[in-house]
Structures are given as structure tokens and as C-alpha cells.
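Hi everyone, thanks for coming. Let me put the sequence and the model up on the screen, and then we can walk through it together.

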Amino acid sequence: IEIWASVQHMDPRLNPDVHAVQQQLKQNGQRVHSLHSPILHPFTHPQSDGSFRRYRLDLHRKTLDYCEAVGAEIMVVHPYDAQYYPYLEKQAPIIRDGIGELIEYAKKRGIKIAVENLPEKVVQGRYNTSLIHQKDIFAGLDVHYCLDIGHVPILAESTCEEEIDAVADR
């Protein structure tokens, strides 16, 4: 199963009872394959770009700690939070650096980071979230990919098959 770290599930901002989740998983004979990091920010959060990036990284680190606690092998992340900071293509190095930092933290816990495609139309000059594009941005990083097939028709840039083929080696 995948657990989504949203306000209904294991969002670090709500201090969930991780021990209770561990017990419930054990009792039901379930194994967590992946944990999806929080993507919505309904709580008070920093407004400046740099402060928000630090806040987001801290949130992802806490979620990685939860991954470790429940035995998840993978944490799925969005490359950035488009609703709050719609990055431009020229800002891709900022996104790459953030994912790289997250990968290093995850490796120490034996967890893989999988970057997901976002449901966002391609806009000239904006960061393109298709996996085909992200593969180039994250080249050289030990990153994996999560294809949300529901996002592909919204992007309307490629087919699921093209997205899968682009990152098949990861």
C-alpha cells in the first residue's frame, strides 16, 4: 500500500501516532511500499521562496523518518509545490538541488526518492513536470520516478507509454 502524508493520513504537521500505525499495519499483515510526502499546505507556512523551501525540506525529512518507521522503501515527492511557487524553467537548478539534498537524507535511511509528474499544463517558460523532461533535470542523481497516470492527460504532452519509456531504467 501507499500512504499519502496528507492531513487525513500521516502528515508530520499533525504529529500522527506512528506507533499506532505500525501496530495496525502489523495486526493487518500489511506492508507499506511507499509514502507520498505532503503536497498541500493548508497550515501557516513561510511565504518567501527560500523560507518555504527550507520548510518543505524539513517536512520531507520528517516524512522520511516516518517512512523508516513504517518500513516504506520509497518516498514519493512532487519536484516542487506548483500551487505556491510555480518555478520557471531557468530555476530548475533550485529544484534539482532540493531533490539532491533529499536523496542524501533518504539514503542514510535506506529509502529511495521517487519524483512524481504533476497535473499541470505546460506553460512557456515554466518548469515542465513531465517525467520525460524531469529525467534530464535529475540526470546523475540517484532519483526514481512515480508516474501518476491520472496526471498524464492533464499535461497533454505525452502518452503514459512515452512517460514510462523515458524513465524505464529508474
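N15 counts as exposed because its relative accessibility is 62%; the cut-offs are under 20% for buried, over 50% for exposed and partly exposed in between, with a 1.4 Å probe and protein chains only. You will find N15 in the loop between β1 (2–4) and α1 (18–28). Helices here are DSSP runs of H or I with at least four residues, strands are runs of E with at least two, and both are numbered from the N terminus. N15 also has a positive phi of about 50°, although it is not a glycine. Most residues other than glycine have a negative phi.

A quick word on the source: this is a predicted model, where local features need pLDDT of at least 70 and side-chain atom pairs count only at pLDDT 80 or more, while totals for chains, interfaces and linings use all residues. Residues are numbered from 1 along each chain as its sequence is written, and side-chain values use heavy atoms, with hydrogens and water left out.

Now the whole chain. It has six helices and five strands, and from the N terminus they run β-α-β-α-β-α-β-α-β-α-α. Of its 170 residues, 45% count as buried. If we take contacts, meaning heavy atoms within 4.5 Å, between residues at least 6 apart in sequence, 76% of them join residues at least 24 apart.

Next, please look at S130. Is S130 buried or exposed? At 1% relative accessibility, S130 counts as buried. S130 sits in the loop between β4 (112–116) and α4 (131–137). Leaving aside residues up to four places away in sequence, S130 touches L155, E157 and E163. Its C-alpha atom is 9.9 Å from that of A166, 36 residues apart along the chain.

E163 is buried yet has no salt bridge, and K135, the nearest side chain of opposite charge, is 11 Å away. For charges, Lys and Arg count as positive and Asp and Glu as negative, with His and the chain ends not counted; a salt bridge needs a side-chain nitrogen of Lys or Arg within 4 Å of a carboxyl oxygen of Asp or Glu.

Last stop: R109 lies over the face of Y105, 3.7 Å from the ring centre. That label requires NZ of Lys or CZ of Arg within 6 Å of the ring centre and within 35 degrees of the ring normal.
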